[in-house]
Amino acid sequence: MKLLVTGGAGYVGSVCAAHLVDADHDVTVLDDLSTGHRDAVPDGARFVEADLATAAEEVLAEGFDGVLHFAARSLVGESVQRPELYWSGNVVTSLRLLDAMRTHGTPRLVFSSTAATYGEPEQVPIREDAATRPTNPYGASKLAIDHAITSYAEAHGLAAVSLRYFNVAGAHGRFGERHTVETHLIPLVLQVAAGARDAVQVYGDDWPTPDGTCVRDYIHVDDLAEAHLLALQHAQAGRHDVYNLGSGTGFSVSQVIEACRAVTGHPIPATTAPRRGGDPAVLIASSEAAMADLGWRPRRTDLATIVGDAWRFAQSRQPV
């Protein structure tokens, strides 16, 4: 298929683009490089450096079989402080993309959604029919886009799938996580092992969990990418399906730090800080629907594998 990957120079987008190229799809990456990296665009993909909101109409006029939409702002803290960036950069931009797809007859969409749409869950594992009560503008903006996609599918026959990620980690060869503002636990812990930080902060050690630290569901980025390829095949005209993507296994902050110590051989000092408001104690996905409908299985669920791949990528970025 001829596919447009928005945000394909970012972390998840670049890994998915690489998988698409390896599967012999004709891939165009559209990214403004505001948070992405030019060298993260995979070999074999065409690259268009442009703002999605202004370029979607012109690019899609070339004719595409589908869009994988990753381009978004994704910092929770920033979304609280500057919500206007998220309603404009995420919601308005996505609406322009949807309109351009409708104008030019682009038939299918796979959307990068998030577990942040659920907010603080009443039950875990979290199923797709759980209440959606996002606790920040980032999650709210992604939920608003999901609602818009549903209406476009029903009214205009779009074939769409939203994939709600839990904690994505790991790397795919030379494609990995390197955010200018890093907020994710595993790369932050590995920055200590690499000498870029003195210690990692643990936000609360008195949570109602086995070791007192928060528990999260970590999914390897390669497993995530494989789900996107399956979603492309599954998308059906006039339908918008939503699936959670996680490993179904929870690891605590302390377990992640211990895994990073084991992989890197570094002591990785940790300090305890107060709890952060809005942090749920436990977030674990139920991915049973994706397994049943897409035929997807997370295959790299071992924490040492996830951390090991992320560490190899981090080391590859260090100056010799």
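This is a predicted model: local features need pLDDT of at least 70, side-chain atom pairs count only at pLDDT 80 or more; totals for chains, interfaces and linings use all residues.
**Briefing: the second largest pocket and the overall fold**

Residues closest to the pocket centre include Glu-177 and Arg-178.

**The second largest pocket**

- In total, 17 residues line this pocket.
- Closest to the centre are Glu-177, Arg-178, Pro-187, Gln-191 and Ala-314.
- Two elements each give two or more residues to the lining: helix H6 (185-193) and helix H10 (303-316).
- H6 is the top contributor, with four lining residues.

**Overall fold**

- The protein has ten helices and 13 strands.
- Its radius of gyration is 19 Å, close to the 20 Å that the globule rule gives for 320 residues, so the protein is as compact as a globular protein of that length.
- The C-alpha trace spans about 55 × 50 × 40 Å along the principal axes of the protein.

**Burial, contacts and surface**

- Of the protein's 320 residues, 54% count as buried; the cut-off for buried is under 20% relative accessible area.
- Take the contacts with a separation of 6 or more: 79% of them join residues 24 or more positions apart.
- The protein exposes about 13800 Å².

Methods:
Residues are numbered from 1 along each chain as its sequence is written. Side-chain values use heavy atoms; hydrogens and water are left out. On a 1 Å grid over the protein atoms alone, a cavity is a set of points where a 1.4 Å probe fits but cannot get out, and a pocket is an open set with protein on both sides within 12 Å along at least five of seven lines; lining residues have an atom within 4 Å of a point. The radius of gyration is taken over C-alpha atoms; the globule rule is 2.2 Å times the number of residues to the power 0.38. Buried means under 20% relative accessible area, exposed over 50%, partly exposed in between (1.4 Å probe, protein chains only). Contact means heavy atoms within 4.5 Å. Accessible areas come from the Shrake-Rupley method with a 1.4 Å probe; for residues, only the protein chains shown count as cover.
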